[in-house]
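Here is a short report for someone meeting this structure for the first time. Please look over the sequence and the model before reading on.

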Amino acid sequence: MNYATIKPRDIANGPGVRVSLFVSGCTRKCKDCFNREAWDFHYGEPFTQETIDYIIEELRPDYMTGLTVLGGEPFEPQNQPGVLELVRQVRKALPDRTIWAFSGYTMDGYMLPGKLGPKETTMELLRYLDVLVDGPFIAERKDLSLRFRGSSNQRLIDVKKTLETGQITLWEDWQTQGRK
């Protein structure tokens with residue numbers, strides 16, 4: 001796996017101050033994608049254990065809230081093993097940090113049915129996540145008033161509750177309760 005960039009202090013892709021990893025590679029190629037250069041699986045730098053160690057060190061300060069993995073597409077079958085190893089190590093080293101991922105694939109349409117490579121890998125990856133922002137960006141549904149997503153079709157899913165209940169459960173925090 002390659003990665004396009006790492007933002008060590010990001011406040012746009014989840015609550016609080018986060019480290020955001022933008023993986024390389026996406027076969028979806030959504031119209032109006034903001035990160036087209038990351039469609040290429042060979043773009044950027046190789047993702048190594050040194051990359052994971054760097055991310056964990058950047059997450060250590062007390063003011064850091066968590067990790068966000070975006071793309072490209074983290075749930076492409078060829079990216080899942082690298083992303084899975086990262087979230088395993090982050091959860092072990094820093095269990096109080098939240099882990100978010102963004103995907104153009106939907107949880108109920110692709111991930112839970114096992115349509116993205118080995119289902120065991122996808123399910124293990126999901127179990128490490130706190131929130132999944134799912135669904136493609138659709139320019140015609142663009143809504144700048146939405147938190148942490150660009151179009152109204154995208155959902156902020158509370159992954160743990162969803163896996164527990166078997167029903168898609170949307171994530172809410174004190175700032176989103178009662179809002180879109």
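## The model

This is a predicted model. Residue numbers count from 1 along the chain as its sequence is written.

## The largest pocket

Start with the open space. The largest pocket holds about 710 Å³. Its lining is made up of 32 residues. Closest to the pocket centre are F34, F102, F137, G150 and Q154.

What classes of residue form the lining of the largest pocket? There are 15 nonpolar residues, 9 polar ones and 8 charged ones.

## Helix 1 against helix 2

Helix 1 spans residues 49-59, and helix 2 spans residues 80-93. Their axes come within 10 Å. They cross at roughly 35°. The crossing is right-handed.

Which residues make the contact? Helix 1 brings Q49, I52, D53, I55, I56 and L59. Helix 2 meets them with E85, L86, Q89, V90 and A93. Sorted by class, this contact has 7 nonpolar, 2 polar and 2 charged residues.

D108 sits in helix 3, which covers residues 107-111. Is D108 buried, exposed or partly exposed? Its relative accessibility is 40%, so D108 counts as partly exposed. That class lies between the cut-offs of under 20% for buried and over 50% for exposed.

D108 also has partners elsewhere in the chain. Leaving out residues up to four places away in sequence, D108 touches P113, D134, R155 and I168. One of these, D134, belongs to strand 6 (131-134). Another, R155, belongs to strand 7 (155-158). A further pairing involves Q167: it is 59 residues from D108 along the chain, yet the two C-alpha atoms are separated by 9.1 Å.

## Two backbone spots

The first topic is a peptide bond. G71 and G72 are joined by a cis peptide bond, with omega about 25°. G72 is part of the loop that runs between strand 4 (64-70) and helix 2. Helix 2 is also the partner of helix 1 in the crossing described above.

The second topic is a phi angle. F148 is not a glycine, but its phi is positive, at about 60°. F148 lies in the loop between strand 6 and strand 7. Why does F148 count as buried? Its relative accessibility is 13%, and buried means under 20%.

Key:
This is a predicted model: local features need pLDDT of at least 70, side-chain atom pairs count only at pLDDT 80 or more; totals for chains, interfaces and linings use all residues. Side-chain values use heavy atoms; hydrogens and water are left out. On a 1 Å grid over the protein atoms alone, a cavity is a set of points where a 1.4 Å probe fits but cannot get out, and a pocket is an open set with protein on both sides within 12 Å along at least five of seven lines; lining residues have an atom within 4 Å of a point. Grid points are joined across faces, edges and corners, and a volume is the space filled by probe spheres set on the points. Ala, Val, Leu, Ile, Met, Phe, Trp, Tyr, Cys and Pro count as nonpolar, Asp, Glu, Lys and Arg as charged, and the others, Gly among them, as polar. Axes are lines fitted to C-alpha atoms, for helices over the stretch in contact, and angles run from 0 to 180 degrees between N-to-C directions. Helices (H or I, at least four residues) and strands (E, at least two) are DSSP runs, numbered from the N terminus. A crossing is left-handed if the near helix is turned anticlockwise from the far one by less than a right angle, and right-handed if clockwise. Contact means heavy atoms within 4.5 Å. Buried means under 20% relative accessible area, exposed over 50%, partly exposed in between (1.4 Å probe, protein chains only).
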